[in-house]
Amino acid sequence: MITRLLVANRGEIARRIIATCRLLGVETVAVHSDADADAPFVGEADRAVRLPGNTPAETYLRIDLILAAARRSGADAVHPGYGFLAENADVAAAVTDAGLTWIGPSAKAIAAMGDKLAAKALLAEAGVPMLPTWTDPDQVTDFPVLVKASAGGGGRGMRVVRDADGLAEAVASAGREAASAFGDGTVFIERYVERGRHVEVQIVGDRHGTVLALGERDCSIQRRHQKIVEEAPAVLAPELRDRLHAAAVAAGRAVDYVGAGTVEFLLAPDGDFHFLEMNTRLQVEHPVTEAVTGLDLVRLQLLVAEGEPLPLAVTPPVEGHAIEVRLCAEDPAQGFLPVTGTLHRFAIPGVVGEFAPTRGVRLDSGVRNGSAVQVHYDSMLAKLVAWAPTRAEAARTLAAALARAELHGVTTNRDLLVRVLRSREFGAMAVDTGFLERHPEVFAPLLPPGEVPLVALAAALASAAARRAAAPVLAGLPSGWRNVPAFPQVARFTGPDGEVEVRYRLDRDGSLAEWSTSSETGSPESSAPEVTLVGAGPDRVVFDVDGVRRAYRVHLTGAVVFVDGPDGAAGLTELPRFPAPGAELAAGSLLAPLPGAVARVHVEVGRRVAAGDLLLTLEAMKLEHPVLAPTDGVVTELPVTAGGQVETGAVLAVVTPIEEASS
């Protein structure tokens, strides 16, 4: 029997494992980096062991430190979660050799499926359909293709290449990213299927020879080859579902699989399916399977690791429909680059359960109010799951919970997720891996441009009310009232579309006498609605707008005002009335969009470049971010070097137009 389990991971998956262990009476041990010392998962474990350092290479990827932590804490089992060391055969062997119970398949099975090339060869012999695959770029003649990491997943080390000209650089870049994420830079090339669907089958096996399929998931909505929306069951013809389940079970039996695993397939538009890979671990999207089957997959992992037979002999029936979204710290205005910062507020309404099979809305989160989003780790903040009797109800419930969530402090992909769930095409199941590329309309923010003036007015009134509430004298005066009515109150903010200025005047009774806004260009906003102020406080402002009452929730954090309204949310930064002068940047300066390390520098000072040329590569949050020349010119400044660390806003390079550089 397992009595004390060490979780060799972090964030929401660590909390997920700890939650099930608590129900089963199993003590838990967390390991944590210095950056994660105050993270929720550390406080929820019974014991915690520090791994000195911050980066994964210094901490969570160190097998020796994990084993030392197990010995020091008295753990008798290790659960790897997903990511990091979860699919590392050497770790599974080392844990077993140390006399500990490994929560997962054998090292042999991990090795067989972890090398995706070897896995393809093994399962091809079993008759599972495969896509054409190459290891030598010079042999590729059939485009488009997908460059993939042999040792990992999650979209890391993946590149779509549509012609031979870009193949060499894609292979090199994918290899570097794979080496950084998984410690193995081996990549291969696979035929890319346009408009395919990504469908995966959840399997579980025990030590007594049983391997079962627990249903399937559709994970076709992807960005940068990373899943962002997953659902169960997949919308499939019964005959196709049976064939997929049979192929997945055959894959598990081929390697004597023990524990929870996932066999992934690509469904082509013509109805054929092809094996992609087998993930020898729990998947991020496992909650949707739990929702429709009622099973706790972590509990099943622990039972079979203890040598118990599976408590079910056949594939369980599926009830209802479940959809999951991955809520990530990303900046839509910067092409969804990962961002860092502090979560001042993280609140999602309607949640009825966490980290366990739930009917309704479930939240699996690695953060809470005040959590720091670190540059060292993945950008995912949480997974939100909705179960309902039908797919349409699940999508509607999930979209509503997301839209009403208060997510303050870092920008997220929330608006994109809501628009996907509410799109007509998603509702009609017209989805595939190219969905986002074909539907740019889902990238529009929820907050309409015409709503920004009202949001800014709400921010100005709430800020004024907060200052009045904190005033040591004359607190009874109406907020914003002054003895010279000809001069309105003025507040300036930077918002989602640049600067906006709000002018307003209140009557003696506190009602809104007049108001107007103007954009950063100085032009008045057109067609301002008729607004009556119903009430204004530091955390809530209510308007009557053209006869319709609207309430805005307001959260003040320093100079930042977060406003959540009925049509969307925005964070506005109040500008000082008399700003201090700042240093001017040189024209053509390229700034770091987020903190990270300079992976490679491709140019030197004095090099002539063309618009779009690759200048350098920034590595942050497990991904490579290319920095491209914005225009034709000459590199006149290059203050960074390969391996150096940079903060957000640091100057990476300066490209000066040729005529200016030569003058």
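This note goes through the sheet, its helices, some aromatic rings, one glutamate and the cysteines of the structure above.

1. Basis. The model is predicted, so local features need pLDDT of at least 70 and side-chain atom pairs count only at pLDDT 80 or more, while totals for chains, interfaces and linings use all residues. Residues are numbered from 1 along each chain as its sequence is written, and side-chain values use heavy atoms, with hydrogens and water left out.

2. The sheet. Nine strands make up an open sheet with mixed pairing, in the order β14-β13-β10-β11-β12-β15-β23-β21-β20. Its edge strands are β14 (273–279) and β20 (351–354), each pairing on one side only. Neighbouring strands are turned by 30° against each other on average, direction ignored. Helices (H or I, at least four residues) and strands (E, at least two) are DSSP runs, numbered from the N terminus. Two strands pair if DSSP finds at least two bridges between them. Strands of a sheet pair through backbone hydrogen bonds, either parallel or antiparallel.

3. Strand β20 pairs with β21 (residues 361–365) in the parallel sense, over three bridges. In this pairing G353 stands opposite R362 of β21.

4. Helices on the sheet. Helix α1 (residues 11–24) lies across β21 and β23 (380–388) and runs at about 115° to β21. Helix α11 (residues 391–404) lies across β12 (226–232), β15 (321–328), β21 and β23, at about 25° to β15. Axes are lines fitted to C-alpha atoms, for helices over the stretch in contact, and angles run from 0 to 180 degrees between N-to-C directions.

5. A glutamate in the sheet. E264 belongs to strand β13 (residues 259–267). E264 is buried, with a relative accessible area of 3%. Buried means under 20% relative accessible area, exposed over 50%, and partly exposed in between (1.4 Å probe, protein chains only). Leaving out residues up to four places away in sequence, the contacts of E264 include H198, E200, K227, H274 and Q283. Contact means heavy atoms within 4.5 Å.

6. Aromatic pairs. How many aromatic pairs are there? The count comes to six. Y60 and F84 form a stacked pair, 5.1 Å centre to centre with 15° between the planes. This pair links distant parts of the chain, 24 residues apart: Y60 is in the loop between β3 (47–50) and α3 (63–73), and F84 in the loop between β4 (77–79) and α4 (89–97). Both Y60 and F84 are buried. F265 and F273 have ring centres 5.4 Å apart and planes at 90°, so their pair is edge-to-face. F265 and F273 are buried too. Rings of Phe, Tyr and Trp (its six-membered ring) pair if their centres lie within 6.5 Å; planes under 30 degrees apart count as stacked, over 60 as edge-to-face and the rest as tilted.

7. Cluster and charges. Y60, F84 and Y377 form one aromatic cluster. R10 lies over the face of Y377, 4.0 Å from the ring centre. R391 lies over the face of F426, at 4.3 Å from the ring centre. A charge sits over a ring if NZ of Lys or CZ of Arg is within 6 Å of the ring centre and within 35 degrees of the ring normal.

8. Cysteines. The whole structure has zero disulfides (pairs of cysteine sulfur atoms within 2.5 Å). C219 is buried, with a relative accessible area of 0%, and C328 is buried, at 9%.
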